[in-house]
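Please consult the sequence and the model shown here.

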Amino acid sequence: MLVVVDETASAETVGTYLERAGYDTSRADNSADAVRMARADVYVSKRYSPRELFARVQVLPRLLRARRGSEDTLEEELSSRPRYARARRVLIDEVWVHAGVGDEHLVDVHVAHLRRKLGDDPTAPRYIETVRGVGYRMGAG
């Protein structure tokens with residue numbers, strides 16, 4: 001989490017609250033450093049309420065996953081709980097949160113791309129296993 005505030009005391013306060021909430025933070029003291037360090041994060045103007053700040057911070061992980069919408073995030077979701085089978089609909093809801101994806105076949109396409117990248121044989125998978133009637137899970141590797 002990048003904190004950009006022109007007042008040192010405010011930056012430290014916001015940083016401390018975010019760190020207590022479990023976020024890793026970095027601080028930029030000027031706009032040039034902020035631009036160099038930022039990566040498509042959500043911006044909250046200087047006149048913010050703590051409630052608004054934390055509401056926006058809490059949605060960041062899902063928002064960033066939706067923006068990326070790539071098979072890398074599908075891999076992250078599968079590997080977050082190895083050996084736990086995820087239904088296609090659940091994967092769509094977790095990975096493509098705001099994208100309005102409805103076709104569950106998209107998951108199959110992304111799994112095929114991941115298998116190709118990993119060199120995983122779909123007939124004898126080591127990394128991504130198909131669970132018949134359910135969806136997918138990470139294999140033993």
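Q: What makes the contact between the side chains of E129 and R83 a salt bridge?
A: The term requires a side-chain nitrogen of Lys or Arg within 4 Å of a carboxyl oxygen of Asp or Glu. Between E129 and R83 the N to O distance is 3.2 Å, which therefore meets the limit of 4 Å. The model is a predicted one, in which local features need pLDDT of at least 70 and side-chain atom pairs count only at pLDDT 80 or more, while totals for chains, interfaces and linings use all residues. Residues are numbered from 1 along each chain as its sequence is written, and side-chain values use heavy atoms, with hydrogens and water left out.

Q: Why can this pair be said to tie together parts that are apart in sequence?
A: E129 belongs to strand β4 (residues 128-131), whereas R83 sits in the loop between α4 and β3 (86-87), so the pair connects parts 46 residues apart in sequence. Helices (H or I, at least four residues) and strands (E, at least two) are DSSP runs, numbered from the N terminus.

Q: Why is E129 called buried, and why is R83 called partly exposed?
A: Buried means under 20% relative accessible area, exposed means over 50%, and partly exposed lies in between (1.4 Å probe, protein chains only). E129 has 17% relative accessibility and so counts as buried. R83 has a relative accessible area of 43% and is therefore partly exposed.

Q: How do you know that R83, E129 and R137 belong to one network?
A: The side chains of E129 and R137 also meet in a salt bridge, at 2.8 Å from N to O. R137, at 24% relative accessibility, counts as partly exposed. Salt bridges that share partners join R83, E129 and R137 into one network.

Q: What makes D108 and R88 a further example of a salt bridge?
A: Their side chains meet at 2.7 Å, N to O. This pair links distant parts of the chain, with D108 in helix α6 and R88 in helix α5, 20 residues apart. Relative accessibility is 22% for D108, which counts as partly exposed, and 21% for R88, which also counts as partly exposed. A search of the whole structure finds 4 salt bridges.

Q: How do you know that β4 and β5 are paired strands?
A: Two strands pair if DSSP finds at least two bridges between them. Here 4 bridges join β4 to β5, which run antiparallel. E129 has R137 in β5 as its bridge partner. The two strands form a hairpin with 3 residues between them, and G133 in the turn has a positive phi of about 80°.

Q: What makes β3 and β4 the edges of the sheet?
A: The open sheet consists of 3 strands in the order β3-β5-β4, with antiparallel pairing. β3 and β4 each have a single partner strand, so one side of each is left without a neighbour in the sheet. The pairing of β3 with β5 is antiparallel and rests on 2 bridges; in β5, G135 is the bridge partner of A87.

Q: Which residues make up the largest nonpolar core, and what makes a set of residues such a core?
A: A nonpolar core is a set of buried Ala, Val, Leu, Ile, Met, Phe, Trp, Tyr and Cys residues joined through side-chain atoms within 4.5 Å. The largest one has 11 residues: L74, L78, L91, I92, V95, V107, V111, L114, I128, Y136 and M138. At least two residues of this core come from each of α4 (71-80), α5 (88-95), α6 (105-118) and β5 (135-138). A second, separate core of 7 residues includes A11, V14, L18 and L53.

Q: How do you know that the buried residues of α5 lie on the same side of the helix?
A: The buried residues of α5 are L91, I92 and V95. They cover an arc of only 100° around the axis, which puts them on the same side of α5. The arc is that of the directions from the helix axis to the C-beta atoms.

Q: Why does V3 count as buried?
A: V3 has 5% relative accessibility and therefore counts as buried. V3 lies in strand β1 (residues 2-4). Leaving aside residues up to four places away in sequence, V3 touches A11, V14, G15, L18, T25, S26, R27 and A28; contact means heavy atoms within 4.5 Å.
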